[in-house]
Amino acid sequence: MSAIRLLVLGAVRQHGRAHGYQVRNDLEYWGAHEWSHAKPGSIYHALKQLARQGLLLAHDIAPSTAGGPPRTEYELTAAGEAEYFSLLRAALSRHDQKVDMLSAGIGFVVDLPRDEAVALLRERVRALEEWRSTVTENYTPEGGPGQLGHIGEIMQMWLHSSDSGAEWTRGLIERIEGGAYVFAGEGEPFVGVLADGEENPYARKDAAPDEGRDGGPDAAGDQSEGGAGPAH
């Protein structure tokens, strides 16, 4: 599952209505272009694709007084809202998410009620522990991973990943249960968005702002969820 879908829906939702450059600017502000497929072309491609799928509603707004084509602003539809929360819950609860999907989920965790966020993270811990048991019971020789030579390091890596993931998740649960952050229904949460026109200190330097003026170019090819480039 690609994180670009969750990232774009969540970024638009935080603004209420947003054009492509705002979404791109916010995601770069979060560093998402470094740890996910949230590159400029992928973002604009995802916006258009989500609109075609009925998850975003596109609005053409008047061009600026300086001229140029009109911008397209997007907002979530009811179906988009449902899809957003479905992706968010899966990102937080599943043990097998890639780091970009989990990172996106953590970035939007405060959109959920506190109790629900804790329950989803507890499910992640449970799934990680179950998966660890599967590795030790079915893939690890009785004499330990060393019996497989250097191939045993694969099992060691899996076990370390499971243990460290569960430990980090338990720590997050403890912080949330201890009152950290502002969750849905508790007041105004921290929202990491930039005002329109506000300078982004983390912006990519290889593309001009006007790239997103009308929603931006489609990514090359027919990419199902937008994007090329490695996830970090």
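A pocket is an open set of points, on a 1 Å grid over the protein atoms alone, where a 1.4 Å probe fits, with protein on both sides within 12 Å along at least five of seven lines. The model is predicted; local features need pLDDT of at least 70, side-chain atom pairs count only at pLDDT 80 or more, and totals for chains, interfaces and linings use all residues. Residues are numbered from 1 along each chain, and side-chain values use heavy atoms, without hydrogens and water.

**View 1. The largest pocket.** The largest pocket holds about 480 Å³ of space, the volume being that filled by probe spheres set on the points, which are joined across faces, edges and corners. Its lining comprises 19 residues (those with an atom within 4 Å of a point); Ile106, Gly107, Phe108, Val110 and Phe190 are the closest to the centre.

**View 2. Elements and composition of the pocket lining.** Two or more lining residues come from each of helix 1 (3-15), helix 6 (99-107) and helix 8 (152-177) (helices are DSSP runs of H or I, at least four residues, numbered from the N terminus). Helix 6 gives the largest share, four residues. The lining has 15 nonpolar residues, four polar and no charged (Ala, Val, Leu, Ile, Met, Phe, Trp, Tyr, Cys and Pro count as nonpolar, Asp, Glu, Lys and Arg as charged, the others, Gly among them, as polar).

**View 3. The contact of helix 5 with helix 7.** The axes of helix 5 (residues 78-93) and helix 7 (residues 114-138) come within 7 Å and cross at roughly 45° (axes are lines fitted to C-alpha atoms over the stretch in contact, and angles run from 0 to 180 degrees between N-to-C directions). Helix 5 is therefore oblique to helix 7 (angles under 35 degrees count as roughly parallel, over 145 as roughly antiparallel, 65 to 115 as roughly perpendicular and the rest as oblique). Arg89, Leu92 and Ser93 of helix 5 meet Glu116, Leu120, Leu121, Glu123 and Arg124 of helix 7 (contact means heavy atoms within 4.5 Å).
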